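Q: I have a model open and would like to go through it piece by piece. Can we start with a single residue and work outwards?

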Amino acid sequence: MKTEDRNRAKIARALLYIEAGLSEPLRVSEIAGQAHLPLFHFQRLFCAYMGESVSQYALRAAWKRQHFSWKTPRTATCCTWR
C-alpha cells in the first residue's frame, strides 16, 4: 500500500472517531492516537487532506448534527382523549 493510501486510511479512521464522539469533548491527541500518528504529523496531514483544522472540522460536524436533528420531523405518539 502506498504512503498516500495509508495516510488517507488514517484520516478516514480519525473522521469516524470524531463523528462517533461528537456528543462528548474530544482531544486532538486522542484522535491522533486513533489514527496511529504523532500529534504534530496528524494535525498537518488532517489539514492537508480536509482543508481545515481538526477543531474546525469537529465544530462544523457537531453544528451540522445539531442543525439537522432539529429539522427531523417528529411523529406524534398515540394520544387518546378520555
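Q: Is His36 buried or exposed?
A: His36 is exposed, because its relative accessible area is 58%. Exposed means over 50% relative accessible area, buried means under 20%, and partly exposed lies in between, with a 1.4 Å probe and protein chains only.

Q: Where is the place of His36?
A: His36 is in the loop between α2 and α3. Helices here are DSSP runs of H or I with at least four residues, strands are E runs of at least two, and both are numbered from the N terminus.

Q: What about the phi of His36?
A: The phi of His36 is positive, about 60 degrees, although His36 is not a glycine. Most residues other than glycine have a negative phi.

Q: Before I go on, what kind of model is this?
A: This is a predicted model, where local features need pLDDT of at least 70, side-chain atom pairs count only at pLDDT 80 or more, and totals for chains, interfaces and linings use all residues. Residues are numbered from 1 along each chain as its sequence is written, and side-chain values use heavy atoms, with hydrogens and water left out.

Q: How many helices and strands does the protein chain have?
A: The protein chain has four helices and zero strands. From the N terminus on, the order is α-α-α-α. Of its 82 residues, 23% count as buried.

Q: Let's take α1. Which of its residues are buried?
A: The buried residues of α1 are Asn7, Ile11, Ala14, Leu15 and Ile18. They line one face of the helix, because they fall within an arc of 105 degrees seen down the axis of α1. The arc is taken from the directions from the helix axis to the C-beta atoms.

Q: And which are exposed on the other side of α1?
A: Leu16 and Ala20 are exposed there.

Q: Asn7 is on that buried list. Why does Asn7 count as buried?
A: Asn7 counts as buried because its relative accessibility is 13%. Leaving aside neighbours within four places in sequence, Asn7 is in contact with Leu45 and Tyr49. Contact means heavy atoms within 4.5 Å.

Q: Which residues of α3 are buried?
A: Phe42, Leu45 and Phe46 are the buried residues of α3. They are on the same side of α3, because they cover an arc of only 100 degrees around the axis. The face turned away from that buried side carries the exposed residues Phe40, Arg44 and Ala48.

Q: What follows α3?
A: Gly51 follows α3, and its phi is positive, near 80 degrees.

Q: At what angle do α1 and α3 pack?
A: They pack at about 90 degrees, with their axes 10 Å apart. α1 and α3 are therefore roughly perpendicular to each other, a label for angles of 65 to 115 degrees. Residues of α1 including Asn7, Ile11 and Ile18 meet residues of α3 including Phe42, Leu45 and Tyr49.

Q: Now the largest nonpolar core. How many residues has it?
A: The largest nonpolar core has 16 residues, and among those with the most contacts inside it are Ile11, Phe42 and Val54. The elements that give two or more residues to this core are α1 (3–20), α2 (28–34), α3 (39–50) and α4 (54–70). A nonpolar core is a set of buried Ala, Val, Leu, Ile, Met, Phe, Trp, Tyr and Cys residues joined through side-chain atoms within 4.5 Å.

Q: Last one: which residues does Val54 touch?
A: Not counting residues up to four places away in sequence, Val54 touches Ile18, Val28, Ile31, Phe42 and Phe46.

Methods: Axes are lines fitted to C-alpha atoms, for helices over the stretch in contact, and angles run from 0 to 180 degrees between N-to-C directions. Angles under 35 degrees count as roughly parallel, over 145 as roughly antiparallel, 65 to 115 as roughly perpendicular and the rest as oblique.
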